[in-house]
Structures are given as C-alpha cells and as structure tokens.
Amino acid sequence: MRIAVTGSIATDHLMTFPGRFADQLVADQLHTVSLSFLVDTLDVRRGGVAANICFGMGQLGARPVLVGAAGSDFEEYRAWLDRHGVDTGSVRISEVLHTARFVCTTDTDHNQIGSFYTGAMSEARLIELQSVADRVGGLDLVLIGADDPEAMLRHTEECRSRSIPFAADFSQQIARMSGEEIRILLDGATYLFSNEYEKGLIESKTGWSEEEILSRVGHRVTTLGARGARIERVGEAPIEIGCPEEEAKVDPTGVGDAFRAGFLSALAWGVGLERAAQVGCMLATLVIETLGTQEYTLRRAPFMERFIKAYGQDAGDEVQRFLV
C-alpha cells in the first residue's frame with residue numbers, strides 16, 4: 001500500500017533567555033520597544049506535520065512519500081529523512097524562499113516570544129498529486145495534513161477527481177478555516193482525523209451534527225489524549241483503544257503526528273482498524289517520552305514488549321511479523 005503524506009515541512013529554532021521578559025519592559029515605552037536578548041541555548045528541531053508523520057512511518061518500515069514544499073536549505077533535513085526511510089523525491093524546492101521556520105525565545109517564567117515564517121510552504125499549492133503518483137507507480141491513500149490552505153483544497157479536489165482515497169487532517173489549520181472550507185475538505189474522506197477539541201470545532205464550524213459528518217466520511221478517528229483513540233463508522237459500534245503505560249511525560253509536541261504515523265503504517269501492512277489504532281497509540285507513547293518530534297528511536301524488541309503488555313499476545317503476534 002503506497003501512502004503519500006502532504007503537509008508542512010518546518011524547523012523549530014528554540015532559544016532560552018535566563019531572565020524575565022517582564023523585567024526588560026518599560027511601561028511607558030511599550031509603543032517603541034527595541035530589545036535584544038542574549039540567550040543561553042539554541043535547540044534546532046526538525047518538524048512540520050507531514051515530515052513528523054513520515055518520519056514515524058519510516059521508523060515502522062512503511063516507506064511513505066512526503067509531499068510538501070521546502071527551500072534550498074532543506075538538504076540536511078532531506079538527508080535525515082532519507083536515512084530514516086522516507087521517500088523525499090516529491091518535495092518541491094523553492095527557488096526563492098526558505099523552508100518554513102518557527103523561531104521562539106522562552107524566559108524563566110515560561111513566557112514566549114515567537115515568530116512563524118511560512119516561507120516555501122506557500123508553494124505547496126503548485127504540487128500536482130498526479131505527478132507524484134506517476135513517479136511512485138500509483139497512490140493508494142493520500143493524507144492531506146495541515147499546509148498552505150490553497151494546497152489543502154487543491155489536493156483534496158484532485159483526490160476526488162482522480163478517485164484517490166484520502167484522509168482529511170486539518171489540525172493546526174482548522175482555526176483559520178471557514179465552515180465551507182472544512183466541509184469541502186472532509187466530504188468524501190476515507191478517514192477524518194482530529195483530536196477531541198477539534199472534533200467539536202469541526203461540528204461547530206460546519207454546522208453539521210456528529211451523525212451528518214460521520215455519514216460523509218468512511219471512518220472518523222478521534223485521538224483522546226491519555227485515554228487513547230476512538231474510531232467510528234456508520235452502523236458500527238465505536239472502537240475504543242487505550243494507551244500503553246508511559247514511562248515519562250516529557251513533551252507532548254508531535255504526539256498526534258506519531259499516532260497518525262502508526263495508524264497509517266499498520267493500514268499499509270493490511271491489519272484491521274483496532275490493531276492500527278493500537279500501533280498508533282504505542283508510537284505516540286514513545287514520542288511523549290522524548291523531547292522533540294523526531295528524536296525517538298524505535299527499537300523493535302522493546303517496542304513489541306511494551307505493545308504486548310498493553311494489548312496482549314495475540315495483538316503482538318499479528319504486528320510483530322511486520323517489524324523486521
């Protein structure tokens with residue numbers, strides 16, 4: 001099963017200021033602020049929802065196709081993804097813009113000053129999925145993740161017109177989208193991904209009830225934080241999956257991306273929905289125990305030991321043969 005993942009590709013530049021921003025602000029001069037902070041640390045992390053999902057799928061041996069736009073500064077990031085089992089041959093490289101970037105400084109009170117540079121992500125709307133399909137010999141599923149909004153709309157319409165099954169996954173972009181845009185993006189999706197809060201926001205913005213939305217998608221997959229995930233289908237009882245026990249809760253960033261990576265990888269293996277959600281929850285647990293979205297290492301033996309402990313020997317036997 002050949003799966004393409006569209007969405008953002010970005011890097012995070014995270015700095016720490018060993019003081020308080022508030023101490024540097026003069027109340028009667030806030031209209032003309034000019035400040036420079038000498039920071040102690042710089043942590044550069046690889047990110048972007050599509051890249052995070054593909055990294056996880058690569059760790060599971062699913063060989064995903066990354067579809068997005070980046071700048072000429074992407075080469076080091078590309079090499080990292082290539083080494084971890086991601087097909088980066090369909091990433092568009094901008095001739096004029098840098099890869100999307102989040103730059104943020106955090107003080108000792110955990111206040112933050114940050115900026116997000118969209119950069120090359122705005123060129124994702126120029127990517128044609130048919131050219132991707134031609135290059136890799138066809139696509140069985142396209143996950144349409146948070147990206148340039150025009151790109152999300154174009155990719156969705158192209159999937160419909162070319163009869164390519166797709167998964168709708170708005171995540172960070174849902175806040176800026178109108179109800180009409182959300183209705184267009186989810187209608188006819190084979191899978192609709194969201195967390196619990198986004199689920200309610202989708203219903204509020206579209207004006208569609210939970211039942212109406214479910215009638216328009218094949219499967220509705222909702223992540224529930226520490227409670228795991230739920231899969232719903234018309235006429236079927238919901239599938240509820242719990243999470244494995246955490247060894248530590250270090251950083252929740254990227255946990256949802258990891259769930260999607262595990263879920264999609266298991267679909268590519270050909271296992272059922274319950275098992276796919278279990279793999280997703282197990283991979284998400286590894287990420288929450290790690291600082292950074294792509295800094296975890298999937299070691300097969302410990303992964304399976306924890307998976308079997310959480311979901312039983314039968315589930316382990318079904319999954320283990322794919323982790324070689």
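The model is a predicted one, where local features need pLDDT of at least 70, side-chain atom pairs count only at pLDDT 80 or more, and totals for chains, interfaces and linings use all residues. Residues are numbered from 1 along each chain as its sequence is written, and side-chain values use heavy atoms, with hydrogens and water left out.

Now H8 itself. Helices here are DSSP runs of H or I with at least four residues, strands are runs of E with at least two, and both are numbered from the N terminus. H8 covers residues 255-269 and reaches 21 Å from first C-alpha to last, close to the expected 21 Å (1.5 Å times one less than the number of residues). Of its 15 residues, 12 are buried, so the rest of the structure largely encloses H8. Buried means under 20% relative accessible area with a 1.4 Å probe, protein chains only.

On to the rings. The structure holds 13 aromatic pairs, meaning Phe, Tyr or Trp rings (for Trp the six-membered one) with centres within 6.5 Å; planes under 30 degrees apart are stacked, over 60 edge-to-face, the rest tilted. Phe55 and Trp80 have centres 5.7 Å apart and planes at 5°, so they are stacked. Phe55 is in helix H1 and Trp80 in helix H2, 25 residues apart.

Phe193 and Phe263 have centres 5.6 Å apart and planes at 90°, so that pair is edge-to-face. Phe193 lies in strand S11 and Phe263 in H8, so the pair ties together parts 70 residues apart in sequence. Both are buried.

How values were computed
Buried means under 20% relative accessible area, exposed over 50%, partly exposed in between (1.4 Å probe, protein chains only).
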